[in-house]
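Here are my notes for you. Please keep the sequence and the 3D view open as you read.

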Amino acid sequence: MFDFLTQRLKTQKELHRFRQRTLSTTNVERPNYIDVDGKSYLNFSSNDYLGLNNHIKIKQALQEGANKYGLCSTGSSLITGYNYAHQALEATICNWLNKPKCLLFNSGFAANSGVLHALGDKHCQFYLDKLSHASLIDGAFGSNAKVKRFLHNDLAQLTQWLNKSSNTTDNQTAQDSLIVSEGVFSMDGDQADVKQLAQLAKQNNALLYLDDAHSIGVLGEKGQGSCAQTNVDIVMATFGKAIATSGAFVACDETLFEYLVNFARHYIYSTAISPAMAWATKASIELIQQEQWRREKIIELSQLFIKKLSNSVEVLPSDSSIHAIIIGSEEKTLQASQLLKKQGIWLTAIRPPTVAHNKSRLRVTICANHNAKDIIYLVDSLHKTIETLND
Ligand SMILES: Cc1ncc(COP(=O)(O)O)c(C=O)c1O
């Protein structure tokens, strides 16, 4: 019975793709460090881009939210789970992003898969960037929509497909089109041309769905993410990265909002997020809007990182917190990660299926709680590591 479990795990090990969890805690005294097995490591794998994890104001808001509104929402949003704390958070997000409506999900994964699943009627055509997150892919392919994946950031291919679709009179042709992209791509750190995507959507009577998980808080004058550049029809972002709490939101117009409340199964049949967490999230977003220095610090440290790296290190171009160093094979990438660990640096090896075959990498994330000394140490350690790998 279920022999394939053992077989697949065995293959996973042979391919150097076996994954295991690591028991870790963020070092409270030194938030740029992570503690594993009683040892501290300089952490370059965190998604706490703005360094807000453990921020006193957010923790106080969590406590206040628990005292005033409760730890648990007590039900799904359509039964008894929609609380004043949720309403206040939704209003804060709508004001921040200048969107009419917003609704909250338990995670970015649930939001992406839930919304695409609900939107994907059989006469719909979805166009997904090839590097879209697993949750977008699952939602799209789990829906009744037709799905095409355009080459990463290849707007010429997307334009061609959209033109072809609008020029045909074939009854079979899907009519409602949705373009789906990430603002900043999670594993490459590069950005979509959001303005161009929005324009393409408009010209072709399509809607644009943007997953801003890695740009919310980090990009935009007030941290509104890549959707600050132009009007994006549907914006999803998670609270679990720069916002440093947990859950996610989808911001959109009134009609789509009503539709999701009525038809998004992940929204309807799931306990609403903790009111205390919603209150803490609201406090975090207020802080993010005020503290521009955190975004500036990421830019400054990222520039230093790129400037100091030698040509021996292949790093993908990026204007975000994420800097992908391509190593190639799974085995070599694991080895690089181990070598860095010995030098006191935590950098998780990213391997297939998260990234393509032979594109295994070290995904460096530069956060507002790093300093110039950390970056120089990282660069020196990377140089040594690459040298050892090439020996
Ligand atoms: C691009 C992207 N979208 C969505 C998610 C899912 O968000 P969450 O962690 O809140 O489920 C992630 C990663 O976690 C992500 O990288």
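This is a predicted model: local features need pLDDT of at least 70, side-chain atom pairs count only at pLDDT 80 or more; totals for chains, interfaces and linings use all residues.

1. Look at the ligand's surroundings. The shell around the ligand holds 13 residues. The closest are Gly-108, Asp-211, His-214, Thr-238 and Lys-241.

2. Sort that shell by class. Of its residues, 8 are polar, 3 are charged and 2 are nonpolar.

3. Next, find helix H5, which spans residues 108–119. Helix H5 gives the most to the shell, with 3 residues.

4. At Gly-108, a backbone N or O atom sits 2.7 Å from an oxygen atom of the ligand. At Phe-109, a backbone N or O atom is 2.9 Å from a ligand oxygen atom.

5. Thr-238 places a side-chain N or O atom 2.7 Å from an oxygen atom of the ligand. How much of the ligand's accessible area does the protein cover? On its own, the ligand has 380 Å² of accessible area, and the protein covers 81% of that.

6. Now turn to two helices. Helix H12 runs over residues 292–308, and helix H14 over residues 372–390. Their axes come within 10 Å. The axes cross at roughly 30°.

7. The crossing of H12 and H14 is right-handed.

Note on methods: Residues are numbered from 1 along each chain as its sequence is written. Side-chain values use heavy atoms; hydrogens and water are left out. A residue is near a molecule or strand if one of its heavy atoms lies within 4 Å of it. A polar contact is a pair of N or O atoms within 3.5 Å; within protein, one must be able to donate a hydrogen and the other to accept it, and residues adjacent in sequence count only if both atoms are side-chain atoms. Accessible areas come from the Shrake-Rupley method with a 1.4 Å probe; for residues, only the protein chains shown count as cover. Helices (H or I, at least four residues) and strands (E, at least two) are DSSP runs, numbered from the N terminus. Ala, Val, Leu, Ile, Met, Phe, Trp, Tyr, Cys and Pro count as nonpolar, Asp, Glu, Lys and Arg as charged, and the others, Gly among them, as polar. Axes are lines fitted to C-alpha atoms, for helices over the stretch in contact, and angles run from 0 to 180 degrees between N-to-C directions. A crossing is left-handed if the near helix is turned anticlockwise from the far one by less than a right angle, and right-handed if clockwise.
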